[in-house]
Amino acid sequence: MGIGGCTDRQPVSGRAAPLEVAVTLLPQAEMVKAVGGERVCVTVVVPPGGDPHTYEPAAGQMVKLSQAGIYFRLGPGLLPFEDTLVDRIREMNPEIVVVDTSEGISLLSGGEEGERYDPHIWLSLSNAGKMVENIRNGFVLTDPAFAEYYAGRERQYQSKIREADSFIRATLAGKQGAAFLVTHPAWDYFAKDYGLVQIAVEAEGKEPSAREISTLIDRARREGIHVIFVEPQFSSRESEVIAREINGSVVFIDPLAPDYLSGLQRVASALAEGASNG
Ligand SMILES: [Zn+2]
């Protein structure tokens with residue numbers, strides 16, 4: 001599903017050829033397919049299991065990107081590799097329309113090394129609503145004859161976003177102020193939306209010292225936390241140790257799930273179980 005081919009392209013009878021578009025992350029692919037429907041085929045730069053903080057595109061991907069008509073980037077200052085990539089794509093393919101999906105979103109500080117902001121914007125559903133609006137605008141600009149088509153599909157997906165948000169609010173009812181423990185600090189935007197507190201083992205992309213880990217364990221015990229949430233993209237060696245120390249368990253949550261809206265609802269259910277009492 002990485003760049004390599006638009007294999008999901010369907011022939012559309014009686015219409016112009018579909019647009020080839022690229023996105024940086026898997027969750028953006030769900031959004032772009034939702035809005036673009038059968039007008040588009042989507043390739044994803046960071047493949048499943050890839051780490052967007054350290055990703056380096058392969059040469060073959062550059063060729064593929066140089067053929068895309070639109071690149072829905074995450075946004076400037078979020079992922080250093082993407083900033084570099086956009087410059088290179090524009091040199092190879094000056095016609096490409098680059099859409100900043102973060103436009104209009106309030107960015108939080110707290111990025112890793114080389115990141116100006118916390119890049120995990122898509123993990124907030126209110127941000128997702130903005131991203132989808134930006135995606136629709138990008139399609140309308142590039143393919144104005146189908147403006148109504150994109151607008152209709154955007155409205156449908158926005159209503160799915162609102163349904164997912166209602167599910168998450170109901171799932172986390174009574175958890176206001178609750179704290180949860182994660183290895184990788186991906187969930188600040190999510191926590192802010194739902195009144196939760198993220199406690200992270202890593203800070204600014206760095207591994208914690210032994211003393212920092214023991215402070216963290218004390219805090220988790222004080223807060224009555226018995227779950228450490230780990231992302232499948234990252235190693236969980238130290239999380240096993242921490243789980244033992246808090247007499248708890250390791251639970252996986254994926255910030256890059258390809259089934260984006262369902263994935264966030266699964267995360268809410270996991271947090272309802274594994275966060276402290278609010
Ligand atoms: Zn991350």
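Which residues is Arg136 in contact with, leaving aside its neighbours within four places in sequence? Keep that in mind while you get your bearings; we'll select Arg136 a few stops from now.

**Stop 1: colour by confidence.** What you have open is a predicted model, so start with pLDDT. The protein chain averages 91, and 94% of the residues score at least 70. Now select residues 1-5: pLDDT stays under 50 there, and the model has 15 contacts beyond four places in sequence for this stretch.

**Stop 2: colour by domain.** Where the two meet, 27 residues of domain 1 are in contact with 21 residues of domain 2. On the domain 1 side of that meeting place, helix 1 (26-36), helix 4 and helix 5 are the elements that each give two or more residues.

**Stop 3: the largest nonpolar core.** Next, show side chains for Val21, Val23, Met31, Val32, Val35, Ile135 and Phe180. This core has 75 residues, and those seven touch the most other members. Domain 1 and domain 2 both give residues to the core, so it lies between them.

Zoom in on Val21 while you're here. Beyond four places in sequence, Val21 is in contact with Val32, Gly36, Val40 and Val42, and also with Ala68, Gly69, Ile70 and Phe72. Val32 turns up in both selections: it is listed with the core members that touch the most others, and it is a contact of Val21.

**Stop 4: Arg136.** Select helix 4 (residues 125-142) and pick out Arg136 within it. Buried or exposed? Arg136 has 25 C-beta neighbours inside 10 Å; 20 or more is the cut-off for buried, so Arg136 counts as buried. And the opening question: the contacts of Arg136 beyond four places in sequence are Val35, Tyr150, Ala151 and Glu154. Val35 is also one of the core residues from the previous stop. For a sense of distance, draw a line from Arg136 to Tyr194, C-alpha to C-alpha: they are 58 residues apart in sequence and 26 Å apart in space.

**Stop 5: a helix pair.** Finish with helix 5 (residues 147-171) and helix 9 (residues 260-274). Their axes come within 9 Å and cross at roughly 5 degrees, so the two helices are roughly parallel to each other. To see the contact, select Lys160, Ile161, Ala164, Phe167, Ile168 and Thr171 on helix 5, then Leu261, Leu264, Gln265, Ala268, Ser269 and Ala272 on helix 9.

Conventions:
Residues numbered from 1 in each chain as written. Predicted model: local features only at pLDDT ≥ 70, side-chain atom pairs only at ≥ 80, totals over all residues. Core = buried A, V, L, I, M, F, W, Y, C linked by C-beta atoms within 7 Å. Buried ≥ 20, exposed ≤ 12 C-beta atoms within 10 Å, placed from the backbone. Domains from an automatic or database assignment. Contact = placed C-beta atoms within 7 Å. pLDDT = per-residue confidence, 0-100. Axes fitted to C-alpha atoms, helices over the stretch in contact; angles between N-to-C directions. Helix = DSSP H or I, 4+ residues; strand = E, 2+ residues; numbered from the N terminus. Parallel < 35°, antiparallel > 145°, perpendicular 65-115°, else oblique.
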